[in-house]
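Reader: I want to check the labels on this predicted model. Please set each value against its cut-off.

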Amino acid sequence: MVRRDRLRRMVNRYGDCIAGRGVLTFFLVNFLPWFIRRARMREWWVQVGLLAVPLLAAYLHIPPPQLSPALHSWKSSGKFFTYKGLRIFYQDSVGVVGSPEIVVLLHGFPTSSYDWYKIWEGLTLRFHRVIALDFLGFGFSDKPRPHHYSIFEQASIVEALLRHLGLQNRRINLLSHDYGDIVAQELLYRFKQNRSGRLTIKSLCLSNGGIFPETHRPLLLQKLLKDGGMLSPILTRLMNFFVFSRGLTPVFGPYTRPSESELWDMWAGIRNNDGNLVIDSLLQYINQRKKFRRRWVGALASVTIPIHFIYGPLDPVNPYPEFLELYRKTLPRSTVSILDDHISHYPQLEDPMGFLNAYMGFINSF
């Protein structure tokens with residue numbers, strides 16, 4: 001009884017730092033003393049197995065990290081709307097009074113609308129409305145499972161958001177990154193078809209997105225999750241901050257990598273609503289991009305609206321010069337801004353002033 005009381009006091013003090021407190025408490029107080037008594041009577045591999053099972057259960061119940069003050073403020077200042085019974089998070093800021101300009105921001109994989117926070121204030125100085133959303137399965141939006149996530153659905157959610165805000169008949173400037181580039185391509189295709197109820201797009205600015213399947217280089221973890229079959233659900237459950245941060249950091253430049261607190265903000269957005277468990281489903285966009293290449297690249301090549309691309313040239317996912325050569329060959333009318341040599345896959349986070357200046361130069365050119 002004395003031993004159990006001591007164990008219980010230890011759990012009360014340290015349990016929350018280790019894993020789900022209920023699972024860990026039950027194991028340490030009720031199972032560990034029995035295990036110690038039986039250890040001498042078992043083979044070592046049986047002992048390891050008996051110890052591993054409850055520890056794995058505790059690991060799988062680790063609660064998501066608490067939101068930092070900055071991320072909590074971002075969430076508190078945003079709103080939700082409902083799309084087919086699913087809650088979608090968005091930000092909508094009023095900027096310059098008297099300006100008719102509206103910009104809609106489309107974020108990348110695997111992060112969220114919070115990717116835009118470093119340039120948000122700068123955009124409000126130029127646009128009357130600055131709007132961003134967390135796509136379904138990302139950030140603070142719902143993350144249903146099982147669910148067939150698709151670029152088509154994400155594009156429909158963007159259209160539904162603008163109807164919700166009463167902006168469906170306004171001309172919209174789209175600013176996108178990575179995964180958001182593909183969503184923008186689908187919106188552009190619908191705009192080209194002149195279908196009623198679709199967005200009226202005034203301009204499009206893309207950034208570091210794999211718009212060409214043949215030049216896109218997904219990370220190893222993305223390949224495993226995308227094509228892992230029965231292995232994918234196991235990998236998503238075992239994913240933790242260490243694995244996430246080691247996987248994401250290499251897509252940043254050597255001098256512009258995120259701080260540990262910034263990585264925790266990204267991970268908190270993923271873990272919200274158990275988002276790590278849907279990453280493999282979200283990654284099916286890579287297969288969709290191959291299947292619908294003609295539709296989406298064709299939309300870029302055939303429209304006459306102003307199109308611009310902001311490029312961090314050190315990007316390992318869309319490598320230089322292969323990507324840029326194909327882009328210029330396919331879209332000769334598009335303009336391009338190439339940022340400093342050390343800027344990589346997240347230019348709006350790595351060089352916010354350079355990114356903002358490049359975008360404002362584009363917007364003010366027509």
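Reader: Which residue in β2 is the bridge partner of Phe-80?

Author: Phe-89 is the bridge partner of Phe-80.

Reader: What makes β1 and β2 a pair?

Author: Pairing needs at least two bridges. Strand β1 (residues 79-83) and strand β2 (residues 86-94) are joined by 5 bridges. Therefore they count as paired. They run antiparallel. Together they form a hairpin, with 2 residues between them. Lys-84, in the turn, has a positive phi of about 50 degrees.

Reader: How do you know that β2 pairs with β4?

Author: Use the cut-off of at least two bridges again. There are 5 bridges between β2 and strand β4 (residues 129-133), so the two strands pair. The sense is antiparallel. Val-94 has Arg-129 in β4 as its bridge partner.

Reader: Why is Ser-245 called buried?

Author: Buried means under 20% relative accessible area. Ser-245 has 2%, so the label applies. Ser-245 sits in helix α10 (residues 241-248).

Reader: What makes the approach of Ser-245 to Phe-242 close enough for a polar contact?

Author: The limit is 3.5 Å. A polar atom of the Ser-245 side chain lies 3.1 Å from the backbone oxygen of Phe-242. The distance is therefore within the limit.

Reader: Which helix supplies the largest share of the lining of the second largest pocket?

Author: α11 does, with 5 residues. The pocket holds about 200 Å³ of space. Of its 19 lining residues, those closest to the centre are Asp-115, Tyr-117, Glu-262, Met-266 and Leu-349. By class, the lining has 8 nonpolar, 5 polar and 6 charged residues.

Terms used. Residues are numbered from 1 along each chain as its sequence is written. This is a predicted model: local features need pLDDT of at least 70, side-chain atom pairs count only at pLDDT 80 or more; totals for chains, interfaces and linings use all residues. Side-chain values use heavy atoms; hydrogens and water are left out. On a 1 Å grid over the protein atoms alone, a cavity is a set of points where a 1.4 Å probe fits but cannot get out, and a pocket is an open set with protein on both sides within 12 Å along at least five of seven lines; lining residues have an atom within 4 Å of a point. Grid points are joined across faces, edges and corners, and a volume is the space filled by probe spheres set on the points. Helices (H or I, at least four residues) and strands (E, at least two) are DSSP runs, numbered from the N terminus. Ala, Val, Leu, Ile, Met, Phe, Trp, Tyr, Cys and Pro count as nonpolar, Asp, Glu, Lys and Arg as charged, and the others, Gly among them, as polar. Buried means under 20% relative accessible area, exposed over 50%, partly exposed in between (1.4 Å probe, protein chains only). A polar contact is a pair of N or O atoms within 3.5 Å; within protein, one must be able to donate a hydrogen and the other to accept it, and residues adjacent in sequence count only if both atoms are side-chain atoms.
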